[in-house]
Amino acid sequence: MRALIKGRGGDVVAAAWERFTGHRVLPKAALVVLAAALVAGFLLVRSERRDARNAEVLDTACGGVLPRAAMSGLLPGDETWELFGDLDLTGPSGRGPRTLLRCSVQWDEYWGDASGSLELAAVPVLDFAPTGVRLGDILSASAAKEPRWATAYLDATTQVTADCPAGLPGYPRPVTRFRVHASLRGDGAEVAGAPEKLRGAVAAAANHVRERGGCGGPAVKPSDVRPPPGPVEDPDEESDAVPPSCRWFRPGMLDGRAWGRDDREPDGVTGEDVDACSLSVPRAKPANRLDHVAEVGSVSWRGPLLPEVRTAYGAELAALSGAPEPESGEKSYTLAVWAESSCPGAKSLSRVTVTTAESALAAGRADRILAGYLAASDCRAVKVLGKVWK
């Protein structure tokens with residue numbers, strides 16, 4: 001009986017297969033369905049591997065501090081992300097790194113070109129390091145061109161400058177600020193809501209640096225993150241700008257006129273331990289053929305620079321109020337006035353020089369100019385140490 005059923009079953013199967021293969025549509029349709037199933041399975045496996053790879057990139061990039069939700073919405077989920085240039089030096093280090101944090105995520109690479117990328121970096125904001133404490137040394141150091149890594153934020157999509165009151169570790173001089181900037185390039189910039197998500201990533205990276213560096217102070221919020229400052233559109237506006245350290249001076253202090261287009265622009269710098277300014281004053285009513293321009297210089301030193309200042313200017317400080325009056329007939333006269341004060345809250349040593357073609361003008365105005373300079377700097381407990389002709 002079983003043999004009979006088996007035989008009949010085999011005949012049924014054979015007949016069904018014969019009808020299937022002889023059908024004009026079914027074999028092709030079956031092949032299409034099988035191919036679709038294989039492709040779907042392949043795509044599913046590929047998608048799962050891509051998602052796992054992308055999750056690994058997010059867990060690794062920039063020390064894993066990038067917010068997953070924001071980044072998942074910012075980076076294209078249908079592309080495989082690749083991590084480049086990852087660096088995290090926010091922990092304790094023997095030497096201060098020029099880059100605290102850096103990572104670059106790129107996607108859709110063909111023939112070596114990426115169709116989109118996210119780049120983020122955190123760098124310290126370093127004050128200039130003068131080679132000396134004299135006015136010329138300070139101004140020369142401040143005029144040196146900043147390295148590319150320090151100015152890259154100007155070309156970024158968004159950035160923030162964060163405070164670090166306790167100072168970042170590993171630097172010979174106090175570093176109390178750092179900057180985080182990020183750029184979204186290529187088709188990544190077209191993602192809806194990209195600016196908001198990018199601000200969240202920058203804020204998260206900034207707070208990571210703060211916490212690892214023991215900075216203290218308030219946390220960085222996404223609302224603190226803004227586009228970099230744009231260039232000055234009006235060239236006249238840029239040329240007329242007076243450095244903050246020179247804004248205390250008024251041409252009328254030396255009977256001068258306002259600066260014109262052809263006059264030398266004031267040169268100044270404001271640093272952590274020093275403020276300096278050098279400017280020329282066109283005389284409104286020259287007293288003689290040499291009395292066309294007067295010059296004023298001002299410097300205030302604080303903190304660790306004070307011992308070096310007292311060494312560099314030792315002879316001048318020793319001669320305060322004891323040097324003889326200048327001889328007549330010189331082409332120019334320079335009078336230096338020194339003072340100690342608290343500006344503001346920090347013990348400071350200040351020096352103001354006045355150079356004119358008439359010694360009487362310098363002698364009659366130097367004290368008034370020093371007083372105006374210290375008052376504008378909100379200095380208190382002022383003690384004038386004396387003056388000396390140079």
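Two strands count as paired if DSSP finds at least two bridges between them. Strands themselves are DSSP runs of E with at least two residues, and helices are runs of H or I with at least four residues, both numbered from the N terminus. The model looked at here is a predicted one, so local features need pLDDT of at least 70 and side-chain atom pairs count only at pLDDT 80 or more, while totals for chains, interfaces and linings use all residues. Residues are numbered from 1 along each chain as its sequence is written, and side-chain values use heavy atoms, with hydrogens and water left out.

On that basis, 6 strands make up an open sheet, running 6-7-8-10-9-11 with antiparallel pairing. Strand 6 (267-270) and strand 11 (380-389) sit at the edges, each pairing on one side only. Within the sheet, strand 9 (residues 333-342) and strand 10 (residues 347-356) are joined in the antiparallel sense over 10 bridges, and T334 faces T355 in strand 10. Helix 4 (residues 135-142) packs on the sheet and touches strand 6, strand 7 (274-282) and strand 8 (293-302); contact here means heavy atoms within 4.5 Å.

Then there's the backbone. Most residues other than glycine have a negative phi. D255, in the loop between helix 7 (235-240) and strand 6, has a positive phi near 50 degrees. A381, in strand 11, also isn't a glycine and has a positive phi of about 50 degrees. As for accessibility (buried is under 20% relative accessible area, exposed over 50%, partly exposed in between, with a 1.4 Å probe and protein chains only), D255 is partly exposed at 37%, and A381 is exposed at 67%.

Conventions: Axes are lines fitted to C-alpha atoms, for helices over the stretch in contact, and angles run from 0 to 180 degrees between N-to-C directions.
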